[in-house]
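Trainee: Please take a close look at the packing of one chain for me. Then place that chain beside its partners.

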Amino acid sequence: MFEIRTLAILIPALPLAAALVTAVLGKRVLRGASHWPSVAAIGLAWLASMALLIQVHRRASETAQQKGLAGYEQIIPVGWTWAAVDRAYLQSDLQPGAQQAGFRFRSFRIAIELRADPLTAVMLATVTFVSFLVAVYSVGYMHSDPGYWRFFTYINLFVFSMTMLVSVSNFLLLYVFWEAVGLCSYLLIGFWFRKPEAAAAGKKAFLVNRVGDFGFALGVFLLWITYGTLNFHDGADGTLGILGLGRLAGGPGLFVSGATGTAICLLLMLGACGKSAQLPLHVWLPDAMEGPTPVSALIHAATMVTAGVYMVARCSPLFVAGAGALEVVAVIGGLTALMAAIIAITQTDLKRILAYSTISQLGYMFLGLGAGTRVGITAGMFHLFTHAFFKALLFLGAGSVMHAMGGVIDIRRFGGLRRRLPVTHWTFLFGCLALAGLIPFAGFFSKDEILAAVHARAETHLLYEILYLAGIFTALLTAFYTFRAYFVTFHGAERIPEEAGEHAHESPRWMTVPLVILAIGSLVLGALFWWTEGFAHFLAKTPSLGYVTRYGWAATEGGSHLAVAVTSTLVAVAGIGLAWFLYPNRRQLVEQLARAADRVALYRLSAGKFFFDPLYLALVVRPLEGLARFSYAFDRYVIDTLVDGIGRMPVRLGASLRWSQGGMIKVYALGMVLGLLVLLGAMLW
Amino acid sequence: MSAPVVVLAPEIILVVVAATIYVAGAFARSRDVWVWLALGGFLSAAVAMVMLSVGAVGGPISVDGMAIYVRWLALGLGALLLLTSSRPSGQGSTPEYVGSLLLTVAGVMLAAASRELVLLFMGLELVSIPTYILLYLGRRDAASQEAATKYFFLSILASAMLLYGFSFLYGATGSTHLAVIGQRLASPEAGSLWLARAAMVLVLAGLGFKIAAVPFHFYAPDVYQGTTHANAALLSVVPKLAGFVALVRVVDVALEGARDDAWPIVLILAVATMTVGNAMALWQQNLRRLLAYSSIAHAGYMLIALAVSMATGFGTTTAWEGMAALWLYLLVYAVATVGTFAALSCLGRGAESVQSVEELTGLPWTGGRVRPVLAWTIGLFMFSLAGIPPLAGFWGKLAVFASALSVEGPVEGIRGWFIVLAVVGVLNAAVAAAYYLRIIGVMFFRRPLGVPRVREGTGGALAVAIFSAVLAVAIGLGPGIWFRDARRAAIIEAEAPRPLPMAAGGVQTADAGLRPGGEVGQGVGFGSGL
Amino acid sequence: MQVSVLPVFLLMAFVAGLAVVLILVGYVFNPGRPTPVKRMPYESGMDPLHDTRRRFDVRYYLVAIAFLVFDVEILFLYPWAVVFRSGPAWVFGGGMVFLALLALGFIYDWKKGIFHWR
């Protein structure tokens, strides 16, 4: 077998190499075959990830038995020190022996080091697997697009960045790759950059993410000046990493608590809100659907948007230490889940429904993390894992529909497609069932665990009681809007928009095979891992989570709770039933219901997406525009006038001196002598 | 006492080769031979430099870091100028031209090595007098004659001032040896120093002409415009080199006592020189006239570095940095300026070389193989002269301004003065960018108006342009060794009774005191410089 | 330390006085019969006060400069002739080098035809 070291380096290296090859050769040499380096590299990276997962699993079990440590981690240096500053300022220094020494400076060193631990291994396996299937799907979907090679270059760059993001063991590098995936996201949302909506959506995603990233950056600064390091792991020289085994073993005393601790968590959470599209920074994700559908599936559903969840899970000891931080995470998660689900009910664009559903499901994940127990965090991660499968499946299915419908994605314009697109129909149904959380599909187990974890906290905390109820209600809405989309699209009378033309048939093999694989995954994975309880136990061997097990809220409940399971199943069935009753044939009833709901402004709120965009426009964009206009005018009329005036001064000066160069030797000589006399006078005075 | 002869072997070789070329040229008519012979002379002088710069000599000659640096620089520039002007007149005066060029280089080298007023003056005149001939030989038309005449008259006026200053120094101290002069002026019984101060002003004036400092700059635009590109290149670097080395030797190091009063004058000269040079350059349409003002402005920047080293006092670290900045600046300035003139001398319209900025319009797009190369090299030199990184000129300006900002002298308020000076310098650099970039703009962003001809027989000049461009980029990308060499050039043997600051490269310090009885001691040698 | 400058002032006074006396003598005793040639500032050479565009023969200046060089040469040789016996050998050698350079210059001038008054 391969060693962990080799595998961990190989996983990001392969996509990077493929990205370079495709970038250099794609346009001229590879052209229509541009997908081969990508598919091969990502496939190999997936195999390497699986091998890594197995290795890590074995080593984690051994280590946990032998030493009784908080968890298992291995650091793999790449041998490149990216930054090294000898004396960097600190405010406080949470390193042993630093307090009495009383010094305020510490060497700031950022070495590129990868890590292998259960959390990373799971993320790597998920990311590479979904990426592989999406890459295969894209071969069919992006076929004959003029930017074919460009697309695969970006995808590889993204896979590289994302695998690095979950592999690095340092906050600054995490930030770097956080930005790198953001860049790939921007490039891919605006992939069809000639379309103004796509360009605008790319810009919006980038700008909204900047707000979150700003918070994240501040959080990293604050981490540096309080902890005196940015590494997750302990250094070989005895320095304690922020999330290193040494500090974790030392317990809560070694973590910053109080206002600073909370501030760090809130700033990190702001970053997570940007990347994972949580309230109030969720507005970019629906617009991001302007990108190619495989991109929506990969980046904006399965992988990149879960970076925030990964980060919060990774930093869970910090959140445990920061008072009130976990509650904030839970409230943001719960509110986002509910709000996005309400919005999803009235949307008519299939991809947007799925986008709001993604936001909602990410909210669930944060809700789980916010429970602050080992069960909650592993449940959040488990939901991340299953969600990657069924949401990618749904997006790819939507893409398949879109492919067949000639680019039309408005569910009001087509219907009854189940006979035209049999494979798409069945796989989409599997995805819907998983999303709705129906037993025995994957979504059921993961969502159920989250709700159970919140429920466990609810016994002692009113806030979690409310959040639990919100979660249950969201489950009802989820089932309803999912199956609304499903029934409208695949049932009822067959309607096909004219744009489809001759195209209205099942997608090619390149696209349907990934659908089938993902559908199988959505069906069996949840049950498999629930049955074996392997996922939670394995993940708990991550150092951070081991710490939470020991010092977090001690909730002893297992991964499921019967009452919760029954409630959520009933609610899901009710949602599906309601959707089946209303769609696609009871149009008038739907309209009546909508009008009734609107008496309390609910329908309008939902259809208007809670008016976040106009709100931001009025509160942020317009004032900033005004400021920009004012600055422009100030610059144009005040500064420029000044600068032009100053700029004209040397020219004037030159003009005023031109008489002196008359060309007469005697004048020149006189000038020299006069100059000499003046200098003599000045000197001897 | 054959040591001076040995140490001066490079100069002697150059003079012998020059004399040979003069006389033999009267007998034989050939063109290329003389150029090759002169190149051989430069080469043998360089070999002599390497082989013989071992021991130091007391007395009138010193082979300290500055002398070594300047002599190498003079040799290198001499070779470049020779290649640039390898097609001087076509009227059979090649031997005279080449011989005079060799003599000017020998003059610079002699001035660099001399620590004695008579020898120094002789070195400077050995620069001036052949220059008159060169100006006369450059081109035989009215404008050229006018330029030569102007330069001749004004130059002898400046020489007179300089000599007057030297005689004051001798009168005040009774010695022509710089170290002794410095020592006597610094001694407590020196009494009033007004004679020395007057001498300093006269020397500043006389040498100010050579470096084209305001108000002794008037000749430059007219003379540059009147003469050829090759001569303009010579005028813009060779007298500056000689003038600055003499300024450092006399004003900065020897005139210890008078120096504290004199730095404000140098500071004001620097400001006036930069500002007038740049402001006037903005108006120029003639290429050589524009570059003349540019050369005046650059003298101003170099005067900043001189003022820094004068104000902080010879021997302090800041003074040392200031001098190093001066030498680095001179190098990067010379590379870009000689390169520019070399490139311009390749281009012509009819029989004449290009005159006005407009003639370069659209140069890179006029086709051919040579013209685009010339355009790109000229563009590069303009960027370097404007001080834009990562080219050589940037490091020169950086060193100069950084040295000005690091001044912290004993005098109250001195720091403020130098901050103002640095700010004025930076503003001037911004103004200067306007006319450098105008040339680039004219070349690259306009449609060609006509096609300038690539003149025949300018292969040497083209090689110089390309070589200088490569050098400008190399210095820009790897400034380390050039900084190191400039720092070594700031090591000056002065027999001052205090140690020089430690050099960065582990170079030995010169700490040779004055021996009892006023006899001049042996300086410490520094091995071969570059 | 300071050398007495009194002799210098004495010399200056003598020179000034002599000049005044000579002019006075000439003024008192001149017979007062001017001719155009006599009224010229320099009897040989050219009138320095005239229009700058006037033509003149450059060969005159060439000869004059050559003459000047060999005139000044004597000035240098006097002190050298006084001391070269008492000094080391290179003092003699230095003088010879000087003379050799002058000779080279002479050869150059000759070959260039400066002495050839066509």
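Mentor: Chain A holds 27 helices and two strands. Both are DSSP runs numbered from the N terminus: helices are H or I with at least four residues, strands are E with at least two. The model is predicted: local features need pLDDT of at least 70, side-chain atom pairs count only at pLDDT 80 or more, and totals for chains, interfaces and linings use all residues. Residues are numbered from 1 along each chain as its sequence is written, while chains are lettered from A and ligands numbered from 1 in the order in which they are written.

Of the 685 residues in chain A, 54% are buried. A buried residue has 20 or more other C-beta atoms within 10 Å of its own; an exposed one has 12 or fewer; partly exposed lies in between; C-beta atoms are placed from the backbone. Now the contacts, meaning pairs whose C-beta atoms, placed from the backbone, lie within 7 Å. Take those in chain A with a separation of 6 or more: 82% join residues 24 or more positions apart.

Zoom in on Ile345(A). This residue sits in helix α14 (residues 325-346) of chain A. Ile345(A) counts as buried because it has 20 C-beta neighbours inside 10 Å. Beyond its neighbours within four places in sequence, Ile345(A) contacts Leu477(A), Phe480(A), Tyr481(A) and Ser606(A). Leu477(A) is 132 residues from Ile345(A) in sequence, yet their C-alpha atoms are 7.4 Å apart.

Next, the partner. Chain A gives 22 residues to its contact with chain B, and chain B gives 28. On the chain B side, α7 (142-173), α9 (194-211), α10 (219-226) and α12 (256-281) each supply at least two residues. α12(B) gives the most, with eight residues. By class, this side of chain B has 22 nonpolar, two polar and four charged residues. Nonpolar means Ala, Val, Leu, Ile, Met, Phe, Trp, Tyr, Cys and Pro; charged means Asp, Glu, Lys and Arg; the others, Gly among them, are polar.

Chain B also has its own α14. In α14(B), 28 of 29 residues are buried.

Last, chain C. It runs α-α-α from the N terminus. Buried residues are 1% of its 118. Its contact with chain B takes eight residues from chain C and six from chain B. Those chain B residues are five nonpolar, one polar and no charged.

Conventions: Two residues are in contact if their C-beta atoms, placed from the backbone, lie within 7 Å.
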